[in-house]
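Have the viewer open while you read.

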Amino acid sequence: MWLEAPTQWVERVVDTTAAGDSFAGGYLARRLSGHDAVGAATHGNRVAARVIGHPGAIIPAEAMADLL
């Protein structure tokens, strides 16, 4: 079975450090909360997109508030 999840448009990429880890964290958090694979991957994409818009691997907590 082939599943697809939408990507997230990023207006300005600042730093791709931790993009993969951010995706994995967002994906796993949703899967462990009972979401399906596509919903979890969509959330992982949103988290990674937010992270690459900031410098460094750790971004301000307020930048993630609407994703929690």
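## Ser 22 and burial

A residue counts as buried when its relative accessible area is under 20%, and as exposed when that area is over 50%, with partly exposed in between. Keep in mind that this is a predicted model. Ser 22 has a relative accessible area of 12%, so by that cut-off Ser 22 is buried.

Where does Ser 22 sit? Ser 22 belongs to helix α1. If you skip its neighbours within four places in sequence, the contacts of Ser 22 are Gly 44, Val 47, Ala 48 and Val 51. Those four residues turn up again on the α2 side of the contact between the two helices.

## How α1 and α2 pack

Helix α1 covers residues 19–32 and helix α2 covers residues 37–51. Their axes are 7 Å apart, and the two helices pack at an angle of about 145 degrees. As for handedness, α1 and α2 make a right-handed crossing.

Which residues meet here? On the α1 side you'll find Ala 19, Ser 22, Phe 23, Gly 26, Tyr 27, Arg 30 and Arg 31. Facing them from α2 are Ala 37, Ala 40, Ala 41, His 43, Gly 44, Asn 45, Val 47, Ala 48 and Val 51. Sorted by type, the residues of this contact come out as nine nonpolar, five polar and two charged.

## Ala 40

Over in helix α2, Ala 40 is worth a click. Its relative accessible area is 0%, so Ala 40 counts as buried. Leaving out neighbours within four places in sequence, Ala 40 is in contact with Gly 26, Tyr 27, Arg 30 and Arg 31.

Take Arg 30 from that list. Ala 40 and Arg 30 are 10 residues apart in sequence, and their C-alpha atoms are 5.0 Å apart in space.

## The aromatic pair

How many aromatic pairs does the structure hold? There is one. Its rings belong to Phe 23 and Tyr 27, with centres 6.0 Å apart and planes at 20 degrees, so the pair is stacked. The cut-off behind that label is planes under 30 degrees apart.

Both partners lie in helix α1, four residues apart, which is about one turn of the helix. Are these residues buried, exposed or in between? Phe 23, at 28% relative accessibility, is partly exposed, and Tyr 27, at 23%, is partly exposed too.

## The salt bridge

Side chains of opposite charge can pair when their charged atoms come close. This structure holds one salt bridge. The side chains of Asp 66 and Arg 50 form it, with an N to O distance of 2.7 Å. Arg 50 lies in helix α2 and Asp 66 in the segment after α2, so the pair ties together parts that are 16 residues apart in sequence.

Asp 66 has a relative accessible area of 52% and is exposed, while Arg 50 is partly exposed at 25%. Setting aside neighbours within four places in sequence, Asp 66 is in contact with Arg 46 as well as Arg 50.

## A backbone detail

In the segment before α1, Ala 18 has a phi near 75 degrees, a positive value in a residue other than glycine.

Methods:
Residues are numbered from 1 along each chain as its sequence is written. This is a predicted model: local features need pLDDT of at least 70, side-chain atom pairs count only at pLDDT 80 or more; totals for chains, interfaces and linings use all residues. Side-chain values use heavy atoms; hydrogens and water are left out. Axes are lines fitted to C-alpha atoms, for helices over the stretch in contact, and angles run from 0 to 180 degrees between N-to-C directions. A crossing is left-handed if the near helix is turned anticlockwise from the far one by less than a right angle, and right-handed if clockwise. Contact means heavy atoms within 4.5 Å. Ala, Val, Leu, Ile, Met, Phe, Trp, Tyr, Cys and Pro count as nonpolar, Asp, Glu, Lys and Arg as charged, and the others, Gly among them, as polar. Rings of Phe, Tyr and Trp (its six-membered ring) pair if their centres lie within 6.5 Å; planes under 30 degrees apart count as stacked, over 60 as edge-to-face and the rest as tilted. Buried means under 20% relative accessible area, exposed over 50%, partly exposed in between (1.4 Å probe, protein chains only). A salt bridge is a side-chain nitrogen of Lys or Arg within 4 Å of a carboxyl oxygen of Asp or Glu.
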